[in-house]
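I wanted to write each finding down in a whole sentence.

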Amino acid sequence: MNRLIVLNLGQGDLVQGFPTVTAQFWDSDRTSMQFVGSLPPTPNLDTLYQRWQLLYKSFYANFRRHPNIDFEIDEDDEDIAHISHAEFQELCRDVQVQFNRWLSAGSFLSIERKLRTHLTPSEEICLVIVAPSTILTLPWCLWDFLSDYPLAEIALSPPEYARPFKIDKPGAKKKVKILSILGDSTGINVTQDQNILVEKIPESEITFLTEPTSQELNEKLWQLEWDILFFAGHSSSQARGTTGHIQINSTESLTIEQLKYGLRKAISNGLKLAIFNSCDGLGLAVNLADLHLPQVIVMREPVPDQVAQEFLKHFLAAFKEGKSLYIAVREAREKLQGLETQFPCATWLPVICQNPAEIPFTWLELCGKQNSIQLLPSRRALQKILICSLASTLLITGIRFFGLLSAVDLWAFDLLMRSRTPEPPDDRILVVTVTSEDIQVQPNEPRFGSLSDSTLNRLLIYLKKHNSGIIGLDIYRDYPSLKPELASTLKSSDLIGICKRPDAKDDPHGTLPSPDIPASRLGFSDFVQDYDGTVRRHLLFMTPDTTSRCNAPYAFSTRLAIQYLYAKYNIKTEFTRNGNLKLGKTIFPSINARTSGYQTVDASPGQVLINYRAITDPRMIAQRVTLKDIFSDKVNPQIIKNRIILIGIADPSSGDYWATPYGSGSSDKIPGVLVHAHMLSQILSTVLNNRPLLWVWSTWQEIIWIACWSILGGFIAWRFRKILIMGVVVFITVITIISMCWIILCLSGWVPLVAPLLSFVITNGAVVFILLSNKE
């Protein structure tokens, strides 16, 4: 049971009213909130309900004599003689209207408003009415409040209650023990009650006492540890519900007082529930409340056999399924509506009498088991969760399929890339940057590019002097050298130059290579940019175009890596049957059109995802020096020895600055030579250090990943009904999804983040909406 509310009417009656009414929210054993109001006098309701009781009992007596005739009341009292079915139904409606008008009084309405403020339709609610026994006879199930809360049920309690004394006994029981008393059966069929018990709960241990003597009944109450006491037969209440009797056989009628000691012993041994499937049982419930029995189910007025047996059948089925006692009673009670054409007011009859000091129980707890069923949704709830999850997953994957989530997917990818655990710079590479100051201080001689022949020749001689490794010149020189010594240096076997392939959109002509550098030592400088200008993919190679001014088949970084790996490690270059580049044993598989966040990308051959080195500042991919540092002898020659040297422009005015996952602002972009350094480092680290390339899941794996989080969102909505608790769980789950995607990315895996988050939240919201809309 989720919420227990005790509505205490205090002292009073319908004629004088109830000056002090309190509503208490009970949390475990303590009262967490209390509201106060009052109820006005309503003598009209008192008179009207007494008339209804008189007419109903007259009808019942007439039905018992003539069970096959239509509804008719024909008694000696002229006031109730020959009342038709329609007239009685009108009286029933008058009682309901007058009853709800009384509960809508302004002095009580404040309590109802506060109840509605703190309750939701998705919560299971036990609303215990504590009042004098004469008020408990009223049909509280007619309160309009219940129609807005489908998981709520009314229970009754006299003003005095306490927790019973119980004997703690170790060991979990395996069977529910039921003592079933089949009393005097004159004019009724108690055998049908017996059959229902056997059919609905066959695994229980049921002991039947058929028309026992008072001594036999008393002995049974003392002998065993009973969980449920059941009675079918004749019973009645006197003095407006203050005293009850049960007819245990054709000659003996007992009150609860006459069974007090045996019942008290049974309660101390664990008796939790008594069911009196017999007439007019409120007096019995009041008397049992004096013994502090946790729960009692009775019929508030005389009840026909068929009504009582239908209720028992539906109640046991629902209760055994795992529904709470209160929901099972409400469901069974409301199912009696189909009998009301023959038996008016059948849904008014069943009522729970609850000891507020006791915690409600479930069938599993009666079996001595933990209520694990509470952790799992029912079949119906599970169907709703799965339907919502399926709809959410299909919606999100459909949107994602058409690339509508690519922008936010890439944004999330960049965010996670910037948050990875740091790696050290690549010590195989040295980057020499040419700044705007370096360009300005060059000797005054003719030059066509950023570096004059003299400056470039001086730099190359210095690097070779200190035993540099392969040199990559990331500077366009689409003109011949004016100095023969520079032309000779450029032709050396350890220098790689660049050219640019034509681009129909931005650069239809491309850029010619240096005529001094052999074609076998050229690489294209082209980068693949996404829609936002960010470089996230590495174009390793392209098919040579004989009509192009730049025919280099490999990217600048790829050409450097190929030459370095072959020269130093004798690693050869191959292509697989699928057209993927293979360096030694390492294969670089090309991406597909649908690669994680990319769903509509141009996946031309030769592209891989760039696994940027995880460093705080992408400019720190390798050690950097400027041209000025070298010419001023500020560079330790040891950092040049055997390293791959990349020479490039680091001047913002050059236009060779690029956005990366580390940022796209003007201050975050990095020079193209550093992008080449990241690409080169990725190839070398993958081949030599087993540093993995970024990998992704297949489409079906991604859909399963999204669906799992979607289902979890629905389950959380079902399991945690309190908004605050559910909000905390949802927040923790969102953090968990983000953390898992981050951990996987640290392991070089790019899995969907935005799609599972959206699917999770949508399913969670949909299930919450269903619960709040009373569909659960």
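Entry on the model. I noted before anything else that this is a predicted model.

Entry on helix 6 and helix 7. I looked up helix 6, which covers residues 214-223, and helix 7, which covers residues 260-268, and found that their axes come within 8 Å and cross at roughly 25 degrees. Angles under 35 degrees count as roughly parallel, so I wrote down helix 6 as roughly parallel to helix 7. The crossing of these two helices is left-handed. I then listed who makes the contact: helix 6 brings Asn218, Leu221 and Trp222, while helix 7 brings Tyr261, Gly262, Leu263, Lys265 and Ala266. Sorted by class, the contact of helix 6 with helix 7 holds 5 nonpolar, 2 polar and 1 charged residues.

Entry on helix 20 and helix 22. I turned to helix 20 (residues 699-719) and helix 22 (residues 754-772), whose axes lie 7 Å apart and which pack at an angle of about 30 degrees. That angle makes helix 20 roughly parallel to helix 22, and helix 20 passes helix 22 in a right-handed crossing. Among the residues that meet here are Trp705, Trp709 and Trp718 in helix 20, and Pro756, Phe760 and Leu771 in helix 22. By class, I recorded 13 nonpolar and 6 polar residues in the contact of helix 20 with helix 22, and no charged ones.

Entry on aromatic pairs. How many aromatic pairs does a search of the whole structure find? I noted down 27. In one of them, the ring centres of phenylalanine 231 and phenylalanine 276 are 6.1 Å apart and the planes stand at 45 degrees, so I called this pair tilted. Because phenylalanine 231 lies in strand 8 (residues 228-232) and phenylalanine 276 in strand 12 (residues 273-276), the pair ties together parts that are 45 residues apart in sequence. I checked their accessibility as well, and both phenylalanine 231 and phenylalanine 276 are buried.

I also looked up tryptophan 697 and tryptophan 705, which form an edge-to-face pair with 5.3 Å from centre to centre and 65 degrees between the planes. Is each of these two buried or partly exposed? Tryptophan 697 has 22% relative accessibility and therefore counts as partly exposed, whereas tryptophan 705, at 11%, counts as buried.

Last entry. I wrote down one aromatic cluster, formed by Tyr49, Trp52, Tyr56, Phe88 and Trp348.

Methods: Residues numbered from 1 in each chain as written. Predicted model: local features only at pLDDT ≥ 70, side-chain atom pairs only at ≥ 80, totals over all residues. Heavy atoms only, no water. Axes fitted to C-alpha atoms, helices over the stretch in contact; angles between N-to-C directions. Helix = DSSP H or I, 4+ residues; strand = E, 2+ residues; numbered from the N terminus. Parallel < 35°, antiparallel > 145°, perpendicular 65-115°, else oblique. Left-handed = near helix turned anticlockwise from the far one by under 90°. Contact = heavy atoms within 4.5 Å. Nonpolar A, V, L, I, M, F, W, Y, C, P; charged D, E, K, R; others polar. Phe/Tyr/Trp six-rings, centres within 6.5 Å; stacked < 30°, edge-to-face > 60°. Buried < 20%, exposed > 50% of the residue type's maximum accessible area, 1.4 Å probe, protein only.
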